[in-house]
Amino acid sequence: MTFEPVLTARVGRDRSQSIDTYVADGGYEALRKVLGGDWTPEAVTEEVKKSGLRGRGGAGFPTGVKWGFVPKDTKGKPVYLLCNADESEPGTFKDRLLMEKDPHQMIEGQIISAYALKSRTSYVYIRGEFFHGARVLDRAIAEAYEKGFLGENILGSGFSHDITVHRGAGAYICGEETGLIESLEGKRGQPRIKPPFPAVFGVFGAPTIVNNVETLCCVTHIMKRGAEWFAKIGRNEKNTGPKLYCLSGHVNRPGVYEAPMGLPMKDLLFGDAFGSGMKDGRKVKAVIPGGASAAMLTAEEIEDCPLDFDGLAAKKSMLGSAAIIVMNEDTCIVDAARNLAKFFSHESCGQCTPCREGTPWLHRVLDRIESGEGRAEDVDLLEKISNQMANGMTICVFADAAIAPVLSSIGKFRDEYRYHVENRRCLVGSRPSVEATA
Amino acid sequence: MTGRRYSVAPAGRPAEFPPAALERIEKILSRYPTKQAALLPVLWVAQETWGWISREAAEEVARILELPAAHVAGVLTFYTMYNLEPVGRHLLQFCTSISCHLAGAEGLVEHCRNRLGIDLGGTTPDGKFTMVEVECIAGCDRAPSMMVNDAYHEPMDLASLDALLGTLP
Amino acid sequence: MSTPATPAAPPPAPKKDTLTIVFDGQPVEVPPGINLIEAAKLAGIEIPHFCFHPRLSVVGQCRMCLVEIEGIPKIQAACTTPLKDGLVVKTTTEKVRDSRAANMEFLLINHPLDCPICDQAGECKLQDNAFGYGEQRSRYDERKRQYAGYDRTMIGPHVVADMTRCIQCTRCIRFCSEIAGTGELTFLDRGGRTLVWTHDGKPLANDWSACAADVCPVGALTTREFRFRRRVWDLQKTPSVCPGCNVGCNISIEARDGVVYRFLPRLNPAVNDYWLCDYGRFRSESLNERDVSKVTVREGGSLQETIVPVAIERIAAEIRATIDSEGPSAMFFLGSAHLSNEENFLLRKLADHLGCGNLDVVVDRSRVRRMKSKTEWIEGDHYGANYAGAVDMGVRPRAGGHGLADVLEGRWTPRLVLAPDAGFAVAADDPDAVARLRQARFLAVAARTANALSRAADVVLPAASLAQKEGSFTNVQGRVQRFERAFLPPPPARPQWELLLMLAATLGWGDRNWTPADVRGLIRKEVEGYGGVTEEELAGGGLMKKGLFVSTGAV
């Protein structure tokens, strides 16, 4: 049975962003249903729980359960829903697509989620670089207000809601939920100590839920077609629903692909409907399965590898933001690790000692090795530095993310590192060069 | 910019928001329960007004939002998209994160440096181009990806970069 | 049918007002509302830290205080772990030891090896924790980060910045925001490039700016006034009270070889807590000034050097002569807000003994100086530490007696003036005021620095500075606070209480061998409200006249 796209159904269609296109396609029906009188906020949360939806931002936490962490009695404090549209994980570009091409799918999901959370106000925290996405969203939100899907007493239900688009300004760490909250409050995006958790004490000291763009889009469909329908999609009951995969790197057809959760890695890379195989007939050397923060997998490890939360956890990696980055046999792994270490050292917020000092240290050592000045003890040193940066040493798990490429690349390509140090050059390839596109 | 973000350059004249900008700021303030929360959006208004955020602009924002100037400076320098000094007409932002790196972004950057005769973070003497390195801008499937001001240009190669530099006004 | 009797419910367990925390197997009872690091200290266990400070918000950033908490698999920052009854904490496990060594390594990789030239050495948390918890060897062999242009630079009028030493603990930032309320400091940039600095154009210039240097655990912020003057381990610390105003902040006089090098705040939660204002702090240098080193007596037209007993004898003779010719009410005794309770008391007792009702004390008003105690803001508004005490001791005109205003405004001219503090107020350097006082036939003063009054006097006795004597002051709260002597005055200089005892004994009152403690015994008996101020309670601390407080003396 071929899989009918759910999240990307309208992508590529003419005027896909417009509310008229969306409504003509059955858009905002789910919202009408939810606000029609038959659904209580608690019932909506139950439905989302039943669907098995797990957060699409990277952590994969069950969404319905997260919503349930908001205290029943908020002691007069408002509840805030924050849409995390800060998409900055290297290799990830699905939220950009969703917002630029089908903003109403997300907006509807956001309003429904707000209803379930009894939230009066929500924000879309969108990364500053998405100028176009923010403009599209602003227009779409204005359309939604005009049609009465936002504002006071939506569809006569008594439920009122406002959405504001809030633009970030260039900081990956604002994708971390408490970094996002700090940024929304008008501060440096430095993650908070947890506990207290945002559901209890979040933005402006009020209960807050942070959900990813794709997660909110899923909510729309869950309420439109039911939790059971949603749960039937996907590899098993712990990994449900349609999933957007971001494929990039040395494949013939990089892009966003929608498939049921649990698509086999090899299908994504080699399937005709997907990546269509390796560019120039090269072989796979390594794959990062879930964004820069995920442990690399070798060509052997991707043989039997379902792309879902549990499938990748079993491989000691993670689905994360579902950003699959493919590296071919001409790639110097040390160079790739160096590039990722540069990313993390640029994006560390700088609050806490191990990350602030450790991420540049890792970068410097990798830089030295890559430029032919590695020393015999460097590979062990990289592992030692990494191992003393994570597992509770830091305020947030940015450091745990930063060490993943270092530890996994050393663990699986130690010989290449040794070669690099002993011979003062790359085992394969050199700095990648730009090719002329046709 | 690849340099350190420690100094907010003075413009040498007071920063007064034009009426249209002040209207936008009023609207922005109405969407947040605290003035401080409006800081990032108001800084964007400042950048859209002057192209960059000077010391005087930062102090004016601090005054409007009733925040210590040091707090505004702390926020301004944390977020890399706020320009702390004037930039060229075209801000060339080259992504050099992993997927773009694998597609040869560094060669693109090198080519641009040679063609414009400036370093990363620098501006051409005629004030036309500033080039910077940025981290992942979510254009990975169209790598190497870059932005010029607020627009994406992707995928790029040496030829299309030359063409782009040639046609930008 | 009989129903079985319901057993009475057991009485509710008495509600504990402490929490039981187990540290490394040892349970300890601690009060609620403190931090886990403070609780550990109560148990005698040191949890190393940098960013935690008992009076600043908790940020959990330095990561030095990581411990193991039973029931939580990952190590936790002690400072951010809420106190809970029954919490079990382990501070000696391998995980904890490794985490401390790791954090020390991370902090030292970019830290400059400045110890030989850094003022902080000897009172540096980085040194202490490196020595206690770090490894001996460094594995770092890359370029160290530097903040070029942000070293050896004034960041404000008093504070020198050497930011390459900074460990980004944010204590200084939090002090300026939360205590001073002025918020001059911030982080700039991010990641490993993070710099603590001000916004350009707005220096670190609040009234308590040097406290930022106090809280800085390393030598990134130090004071200009102390820079390179003395190694801290050379300094002898003496508990004292700031002479700057009537708030009476508790200080530590840090001195060596008869030179005062600096004041540091001394902890007193009821007065100044951990803080000290810049004005008071930098009065330290004034204690080293001395213009008057000799005893002089004016004979004929010239000044003759003499010795203390001779000068005292001369003053006594003049007093007797004045009493014989014009009577005791022709004399005027001028106390001082800069003199101790003991000194002002002795002056008044002398006047009483001689039957003179003309005494007075004045103080110059200053702008309001605010100080943050643990719970509130205290305001001082005098340029003198002890106006309240002088008044309490009775140094005011008796009924029908004359005060200083009468003299200065020409309503009355004394024949003899005795002023044990020639620097009693700004008026002492005012030519018109001094001219009025000089109309007396005989004018005797004790002085340390010269002014118009001391230059006009017939007898000048060299006086001890605050650091060179002991005594007590009464502050704006009515709190009596003791100050100790840091070092002896250079002979022939004496404390004024000693000079007054000598003079009084010569004139038939008191005992020249009394100590200030003996004088306080008299004060306790005779001055209302000072009855409860016992010696034990005064030691190193201060009491309310009607209350009780003991300072820990910790700096």
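Two residues are taken to be in contact if their C-beta atoms, placed from the backbone, lie within 7 Å. On that criterion, chains A and B meet through 50 residues from chain A and 42 residues from chain B.

The structure is a predicted model, in which local features need pLDDT of at least 70 and side-chain atom pairs count only at pLDDT 80 or more, while totals for chains, interfaces and linings use all residues. Residues are numbered from 1 along each chain as its sequence is written, and chains are lettered from A, with ligands numbered from 1, in the order in which they are written.

## Contacts between chains

Helices (H or I, at least four residues) and strands (E, at least two) are DSSP runs, numbered from the N terminus. The contact between chains A and B takes 50 residues from chain A. Several elements of chain A each supply at least two residues to the side that touches chain B, among them strand S3 (162-167), helix H8 (177-184) and helix H13 (333-347). H13(A) gives the most to this side of chain A, with 6 residues. Residues are classed as nonpolar (Ala, Val, Leu, Ile, Met, Phe, Trp, Tyr, Cys and Pro), charged (Asp, Glu, Lys and Arg) or polar (the others, Gly among them). The side of chain A that touches chain B divides into 21 nonpolar, 19 polar and 10 charged residues.

Chain A also meets chain C, in a contact that takes 23 residues from chain C and 26 residues from chain A. Helix H2 (residues 94-109) of chain C provides the largest share of the side of chain C that touches chain A, 6 residues. That side of chain C comprises 7 nonpolar, 11 polar and 5 charged residues.

## Chain C as a whole

Chain C has 15 helices and 25 strands, and its C-alpha atoms fill a box of roughly 95 × 90 × 40 Å, taken along the principal axes. A residue is buried if 20 or more other C-beta atoms lie within 10 Å of its own, exposed if 12 or fewer, and partly exposed in between, with C-beta atoms placed from the backbone. Buried residues make up 51% of the 555 residues in chain C. Of the contacts in chain C between residues at least 6 apart in sequence, 65% join residues at least 24 apart.

## Strand pairing in chain C

Two strands pair if DSSP finds at least two bridges between them. Strand S1 (residues 19-23) and strand S2 (residues 26-30) of chain C run antiparallel and are joined by 5 bridges. Within this pair, C:Val22 stands opposite C:Pro27 in S2(C). The hairpin of S1(C) and S2(C) has 2 residues between the strands, and C:Asp24 takes a positive phi near 50° in it.

## Buried residues

A nonpolar core is a set of buried Ala, Val, Leu, Ile, Met, Phe, Trp, Tyr and Cys residues joined through C-beta atoms within 7 Å. The largest such core has 346 residues, and those with the most contacts inside it are A:Tyr245, A:Val287 and C:Ala212. Not counting residues up to four places away in sequence, A:Tyr245 touches residues including A:Tyr257, A:Leu268 and A:Ile324.

C:Leu354 lies in helix H8 (residues 341-354) of chain C. C:Leu354 counts as buried because it has 20 C-beta neighbours inside 10 Å.
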